[in-house]
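Please keep the sequence and the model in view while reading.

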Amino acid sequence: MKYVDEFRDHDLAQRLAATIAAEVDPGRDYRLMEFCGGHTHAIFRYGVQQLMPPRLRFVHGPGCPVCVLPMARIDQAIALTERHGVTLCTYGDLMRVPGGDRRTLFQARAEGADVRMVYSTQDALRIAREQPGREVVFFAIGFETTTPPTAVALEQARTEGLANFSVFCNHVLTPPALAAILAEGARIDGILGPSHVSTLIGTAPYAFVPEQHRLPLVIAGFEPLDVMQSTLMLVRQINAGTARVENQYRRAVSETGNRKAQALMARVFRVRERFAWRGLGEIPESALELAPEFAAFDAERRFPVACAPTREARGCECPAILRGEKRPTECRLFGTGCTPAHPLGACMVSSEGACAAYWSYGRTRAQVATG
Amino acid sequence: MKYVDEFRDHDLAQRLAATIAAEVDPGRDYRLMEFCGGHTHAIFRYGVQQLMPPRLRFVHGPGCPVCVLPMARIDQAIALTERHGVTLCTYGDLMRVPGGDRRTLFQARAEGADVRMVYSTQDALRIAREQPGREVVFFAIGFETTTPPTAVALEQARTEGLANFSVFCNHVLTPPALAAILAEGARIDGILGPSHVSTLIGTAPYAFVPEQHRLPLVIAGFEPLDVMQSTLMLVRQINAGTARVENQYRRAVSETGNRKAQALMARVFRVRERFAWRGLGEIPESALELAPEFAAFDAERRFPVACAPTREARGCECPAILRGEKRPTECRLFGTGCTPAHPLGACMVSSEGACAAYWSYGRTRAQVATG
Amino acid sequence: MTNQPTAHIPLDLRHGRVELTHGAGGRAMSQLIDGIFRRHLDNPLLAQGNDQACFTVPSGRLAMSTDGHVVSPLFFPGGDIGALAVHGTINDLAMGGARPLHLSAGFIIEEGFALAELDRIVASMAQAAEAAGVRVVTGDTKVVERGKGDGVFITTTGIGVVPEGIELSGERARPGDAIVLSGGIGEHGVAILAEREHLGFATTVHSDSAALHGLVATMLAAVPGLRCLRDPTRGGLAACLNELAHQSGVGMQIREAAIPVHPEVAAACELLGLDPLHIANEGKLVAICPRDRVTDLLAAMHAHPLGTGASQIGEVVEDALLLVQMETSFGGARVVDWLSGEQLPRIC
Amino acid sequence: MTNQPTAHIPLDLRHGRVELTHGAGGRAMSQLIDGIFRRHLDNPLLAQGNDQACFTVPSGRLAMSTDGHVVSPLFFPGGDIGALAVHGTINDLAMGGARPLHLSAGFIIEEGFALAELDRIVASMAQAAEAAGVRVVTGDTKVVERGKGDGVFITTTGIGVVPEGIELSGERARPGDAIVLSGGIGEHGVAILAEREHLGFATTVHSDSAALHGLVATMLAAVPGLRCLRDPTRGGLAACLNELAHQSGVGMQIREAAIPVHPEVAAACELLGLDPLHIANEGKLVAICPRDRVTDLLAAMHAHPLGTGASQIGEVVEDALLLVQMETSFGGARVVDWLSGEQLPRIC
Amino acid sequence: MCLAIPARITAIDHASDTAEVTLDGVARSVSLALLDSAEVGDYVLIHVGYALNRIDPEEAERTLETIREAGLLAAPGDAP
Amino acid sequence: MCLAIPARITAIDHASDTAEVTLDGVARSVSLALLDSAEVGDYVLIHVGYALNRIDPEEAERTLETIREAGLLAAPGDAP
Ligand code: SF4
Ligand code: SF4
Ligand SMILES: [Mg+2]
Ligand SMILES: [Mg+2]
Ligand SMILES: [Mg+2]
Ligand SMILES: [Mg+2]
Ligand SMILES: [Mg+2]
Ligand SMILES: [Mg+2]
Ligand SMILES: [Mg+2]
Ligand SMILES: [Mg+2]
Ligand SMILES: [Mg+2]
Ligand SMILES: [Mg+2]
């Protein structure tokens with residue numbers, strides 16, 4: 001696979017590992033937060049952590065839109081199917097996420113709800129066209145990467161006059177989340193910045209990181225060599241005491257990003273005043289809702305559902321993990337009460353969550369033995 | 001089973017058989033037409049024919065509403081499901097009746113049509129109530145026995161305002177059919193008159209039989225002793241040269257019948273100018289359609305469907321059989337091309353049809369051997 | 001924090017439902033298998049957790065039989081799909097004269113099926129197997145999407161050992177042989193139909209679902225030279241006799257008065273316009289027996305709890321037309337044909 | 001005008017569809033059985049028309065296995081549900097070291113299923129059985145109402161003979177043993193997924209569906225002391241290795257670079273976000289072999305057409321945590337766990 | 001098609017104009033919409049879920065009596 | 001969730017604004033609605049059925065080159 005295999009090369013990895021090992025200062029810690037679940041996934045799946053020197057640690061950030069979705073939004077989605085009888089379309093990632101009463105969309109479906117897994121917003125449009133007698137709601141989730149496809153579908157629905165289609169919008173924004181974590185004083189030395197998010201929004205939105213928090217940030221691709229090269233770039237900035245935004249993922253990311261997609265998002269959405277992030281709490285201006293012009297396609301306006309307040313599992317360390325303060329193994333529920341099959345916390349619900357990645361890939365015999 | 005088992009008694013059958021044998025004139029034939037499929041069924045199922053003297057033969061009449069339903073009406077019912085997407089409810093008897101292209105409702109259902117077997121018009125109403133979003137059509141068929149339940153359902157639907165319910169009416173009347181056969185000069189000596197039909201309409205409507213055709217008619221119950229006693233009554237009239245309407249089935253039939261049901265039928269239906277009977281052709285004033293007051297519940301008005309003209313199977317002797325002119329074994333298709341599993345003609349489609357009853361019960365070794 | 005094969009949250013046998021993930025080959029599936037199937041059907045072969053069971057069998061002839069069970073409703077008076085799936089396959093083995101040894105069970109479960117009901121069904125299966133002295137030694141579980149199945153379908157396959165000298169087969173009926181029926185007909189079918197809401201009738205009839213291999217062993221001990229055995233299941237006694245007549249190339253002459261029918265079965269059939277001869281049984285058998293051994297056979301059957309109602313119902317006759325003919329209780333004669341008009345779906 | 005068991009109008013194999021009456025135990029059913037099942041699966045045991053097949057088997061140990069097949073779509077590049085149902089059960093027998101003898105087949109067919117497709121499926125089944133030297137000796141057919149099934153489900157059960165001295169079982173892996181894989185992974189699953197319209201991708205990958213008993217016989221001839229065999233079907237290689245690790249109470253250490261993956265399989269997995277280790281195979285096996293016999297084993301496998309791609313992919317290790325751990329091609333290490341997040345329904 | 005069977009009324013629900021009937025222990029519910037009146041203990045002819053008519057016990061007995069006579073006497077002229 | 005993968009455009013349908021792409025022989029159809037322009041032969045990043053952006057071949061080569069150098073030189077200061 002071109003532009004894939006080259007960035008998974010074993011020999012180059014060894015060389016980069018050697019360079020990193022040579023360049024780190026053995027007298028200090030390097031705590032690098034990878035913002036994205038995609039990075040977390042790559043680090044665990046390819047075993048990048050083991051190639052790093054002992055005192056360089058990846059700290060897992062909140063960059064998984066599934067993980068940070070509040071449980072109440074799942075409850076609301078289930079309520080849409082049960083109270084309003086809608087056909088709910090969603091990406092497969094959401095099917096197994098438990099809501100406030102631990103019910104998932106899979107369970108709701110088993111109990112009779114009409115829930116469909118889709119692979120594209122185009123599938124959701126097709127389903128709406130195929131069953132004009134039913135209301136079809138697309139349960140939209142994702143960062144800036146996944147938002148433009150929702151916007152395309154909404155413009156299409158409006159053009160077609162597809163009156164039985166609407167969107168339950170849960171798109172969130174990465175820079176405000178990063179700002180929120182940093183504002184709380186996360187103990188980190190550098191940041192691996194969003195990869196595919198940045199293909200859309202460019203590198204400019206991250207300028208606040210060095211400016212306000214004096215931290216280096218490298219936009220890093222999701223392949224393991226991308227992660228390693230970005231790590232080297234951060235190590236060098238840290239060693240040099242600089243704090244700049246650098247772009248390792250130049251082959252897909254520019255400073256300005258995809259302007260066509262940005263314009264589209266601006267037409268279809270507007271920024272919400274505030275939105276709750278699971279594990280992080282409410283963050284102002286951190287999410288999108290449909291613009292007034294698209295009110296007719298806004299499931300939240302068309303099918304209001306109130307849900308009981310939810311409470312996180314007692315003992316779940318997700319807030320600390322999402323802020324980079326704790327590791328999954330430091331949660332006493334990890335692997336006992338909480339596994340990917342029965343997630344209790346945000347970090348276990350998606351395969352890109354820190355706890356899930358650690359469980360699925362990270363429990364090497366050596367690590368397990370040492371805790 | 002009270003009022004059932006008594007009328008199936010072996011010893012009484014032997015006695016009646018002896019009496020009949022003693023009373024028949026060995027020098028003449030007794031050709032007795034049993035009008036109803038119910039009689040045909042009893043004669044074959046209990047082996048009544050074998051208890052009769054050689055020259056007394058039962059001749060099978062047209063009294064099976066399934067048999068006489070024109071193939072085009074099946075085609076129309078299938079078209080209702082396919083062209084108008086309705087849910088079609090029908091008594092099980094109709095499911096296996098082939099239409100003009102040999103397709104049955106079972107086949108249509110296998111191909112995706114929404115066809116439901118019901119056991120009562122109340123079931124059809126319930127289905128209509130349960131799925132208000134779909135049009136539910138009751139495929140009504142039957143003689144005067146089965147007509148009042150359809151009428152009850154129609155009055156109920158109107159009272160409830162059940163707008164998605166309608167009736168595809170195929171109710172037919174027995175006296176005009178009997179009149180049509182007799183008018184053609186059927187070669188018979190007496191008639192076993194309708195049993196359950198007469199519980200509704202009484203004995204009076206048969207007065208034309210002795211009056212116009214000088215034939216004795218005995219309203220006969222459907223249990224085998226009823227058939228035998230009625231046979232004896234006919235034998236006695238024939239021997240005596242009388243032609244009267246007698247009522248053997250006094251325990252359920254009166255001269256006037258069920259006036260409440262008659263009034264109901266009069267409110268809900270009106271007589272059609274003409275209706276085609278399979279095997280007999282068009283008979284004037286021989287069927288019912290919905291009264292104008294019930295036009296909103298008339299599937300024929302609401303879902304017009306034109307169907308290609310149909311043609312009976314070549315070689316099928318049904319017209320002659322339904323007129324009492326031929327026996328099933330005289331048809332060259334009987335048991336070769338035409339069986340209950342794959343009926344070609346009217347007399348094979350229902351278990352009460354003469355050919356079907358003969359096939360299912362009547363092929364005793366002795367008879368088969370002699371053809 | 002070990003790499004446990006099953007998740008830590010126990011199956012919710014009260015409120016839980018089968019999800020697609022229970023059929024996906026991962027942890028949830030192994031949890032379902034452990035929590036329901038192995039728990040109830042507990043035996044060393046199944047416990048090994050291999051994809052096949054290995055065991056030694058006595059040398060000689062084996063019998064093998066399979067039946068899918070799709071009965072609706074799943075629970076009915078006198079049984080449920082679990083017990084039925086055990087009895088059905090045991091009986092088909094027994095009809096070959098085999099002593100049943102082992103069963104396999106393949107489950108096809110619809111997404112959303114209540115775990116509590118699955119648990120009940122598997123428990124019933126285990127009980128039926130235990131009572132019959134057989135074991136479910138291997139199995140399989142598939143889950144299909146909602147609307148692609150109907151609760152649960154169970155396909156059981158069985159193997160058994162045919163004792164030396166036993167030679168039962170449907171083509172061995174000979175003119176002059178006696179036709180024996182083990183008891184009253186139509187009870188299974190009527191018990192199922194009575195549970196169907198839309199038919200709107202109620203009876204006290206229970207399914208006769210039972211394992212017949214014990215009765216068969218008794219019969220074979222008394223009359224090793226028995227010709228044929230068959231259980232009159234789908235299609236009822238009528239189908240069973242017609243099948244045997246066709247396989248053997250003979251006719252049959254039976255007497256309606258000799259065929260026991262429970263009054264409620266008869267009444268339900270009158271109501272529905274059905275013939276008890278076409279109604280399914282799940283605990284009855286038809287035996288074809290040399291004429292001179294029928295007294296011994298009936299004596300042996302009457303001594304067994306499942307054969308107390310046994311009687312000779314007729315004789316095998318020569319007939320080029322292979323007809324099953326019946327002398328009616330009323331005194332007439334008629335053919336007994338395969339059912340062709342009516343449909344009785346999902347009776348077993 | 002004889003009392004024929006089948007109706008006179010032949011089955012319409014071009015335009016006909018399965019109706020409820022085909023499952024009702026009457027003439028239509030026997031016509032379906034004669035016109036499709038017996039015609040293709042033709043063999044003396046099936047032809048007898050009994051509800052069980054009786055046959056002699058060599059004395060010794062028998063293996064028995066069952067699998068329900070609910071794959072969607074029914075036809076896919078490299079196979080169909082009919083061939084798959086034969087291969088799947090043969091393979092589960094072969095994994096016990098058994099030489100497959102006889103199969104049973106239980107069909108659960110949805111009302112409305114095209115007779116032409118059923119005919120194609122049964123023909124394919126017959127061909128697969130013939131090629132593998134086994135016979136379908138007994139079967140069963142049920143028809144369920146439209147919307148209560150999905151085309152056709154096939155449950156096959158097989159029995160086979162385990163040669164003297166062969167002792168294969170999932171709990172026999174020992175630290176130090178070699179882990180051998182017979183060829184590239186993920187082809188069956190990707191071939192199925194590519195047929196699913198809504199996933200919207202196309203490949204040239206064919207299912208690897210194949211009967212493995214010949215390969216197994218070759219392997220056992222070369223290395224009779226083989227410890228375990230298992231086919232990595234649902235859940236893929238990952239589930240297979242984890243199952244074996246758990247049964248044997250060991251860990252496993254494998255090398256990603258040693259596991260062959262067809263480039264299109266790898267690419268499809270990237271597109272869908274799946275891991276080839278979790279994708280189903282239907283013609284591959286994993287063997288656990290004493291370390292000192294692995295060269296002989298691989299030599300024997302390479303000589304067999306279904307083993308040309310065989311390689312040692314790792315070793316059994318001591319591990320109280322029972323983990324399957326993998327050295328990645330990239331140079332790191334990770335655990336290989338059961339699939340838990342994604343769902344791949346109806347793959348087999 | 002005209003299948004109808006006598007069953008005994010065991011209970012009447014006037015609100016819904018339906019009755020419970022029994023036939024040798026088999027129970028079902030039927031509509032009384034076609035009858036002017038009916039009482040518990042009456043035998044009614046059941047057809048597609050409706051009671052069509054009552055059975056007249058005296059007429060039934062008389063019919064049976066006639067059949068018995070016809071058999072016993074076995075002579076012409078003893079018409080019903 | 002942000003899974004995206006580079007694939008090569010093999011055909012463009014301007015009418016529907018979609019492209020056929022291939023990834024090592026695996027073909028799929030994607031929407032081009034988010035791109036200003038695209039040509040056959042371009043590599044695009046595919047995400048939930050949409051092309052998000054083009055891959056810049058020169059930048060990709062430069063990145064790889066830098067990685068190779070970082071490895072070879074194994075010395076501090078050789079920043080990208
Ligand atoms: S292991 Fe589970 S409960 Fe613990 S922090 Fe992670 S997600 Fe939360
Ligand atoms: S046997 Fe068939 S074709 Fe012949 S008369 Fe009877 S119904 Fe018609
Ligand atoms: Mg069987
Ligand atoms: Mg059976
Ligand atoms: Mg049987
Ligand atoms: Mg299996
Ligand atoms: Mg009931
Ligand atoms: Mg198996
Ligand atoms: Mg298998
Ligand atoms: Mg297996
Ligand atoms: Mg069977
Ligand atoms: Mg495709």
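Helix α2 (residues 37-45) of chain A is mostly covered, for nine of its nine residues are buried. Here buried means under 20% relative accessible area, exposed means over 50%, and partly exposed lies in between, with a 1.4 Å probe and protein chains only. Helices (H or I, at least four residues) and strands (E, at least two) are DSSP runs, numbered from the N terminus. Among the buried residues of α2(A) are His39(A), His41(A), Phe44(A) and Arg45(A). Their cover includes β1 (30-36), β2 (56-63), β7 (190-193), α10 (224-240) and α15 (354-362) of chain A, together with β15 (333-335) of chain D. Contact means heavy atoms within 4.5 Å. Just after α2(A), Gly47(A) adopts a positive phi of about 70°.

The model is predicted: local features need pLDDT of at least 70, side-chain atom pairs count only at pLDDT 80 or more, and totals for chains, interfaces and linings use all residues. Residues are numbered from 1 along each chain as its sequence is written, chains are lettered from A and ligands numbered from 1 in the order in which they are written, and side-chain values use heavy atoms, with hydrogens and water left out.

Chain C contains an open sheet of seven strands in the order β10-β12-β8-β13-β11-β14-β15, with mixed pairing. Two strands pair if DSSP finds at least two bridges between them. The edge strands, β10 (228-230) and β15 (333-335) of chain C, each pair on one side only. On average, neighbouring strands of this sheet are turned by 25° against each other, direction ignored. Within the sheet, β8 (residues 178-181) and β12 (residues 286-289) of chain C pair in the antiparallel sense over four bridges, and Ala178(C) stands opposite Cys289(C) in β12(C). Helix α9 (residues 294-302) of chain C packs on the sheet, where it touches β8, β12 and β13 (311-317) of chain C; its direction makes about 10° with that of β8(C). For such angles, axes are lines fitted to C-alpha atoms, for helices over the stretch in contact, and angles run from 0 to 180 degrees between N-to-C directions.

How do the chains relate to one another? Among the nine pairs of chains that touch, the most contacts are between chains C and D. By contrast, chains A and E do not touch, and their nearest C-alpha atoms are 31 Å apart.

A metal site also links chains C and D. The protein donors of the magnesium ion (ligand 6) are Asp140(C) (OD) and Asp67(D) (OD), at 2.0 to 2.1 Å from it. This pair crosses between chains, from strand β6 (residues 135-144) of chain C to strand β2 (residues 60-69) of chain D. Donors are N, O and S atoms within 2.8 Å of the metal (3.2 Å for Na, K and Ca); water is not among the atoms, so sites may look incomplete. Both Asp140(C) and Asp67(D) are buried.
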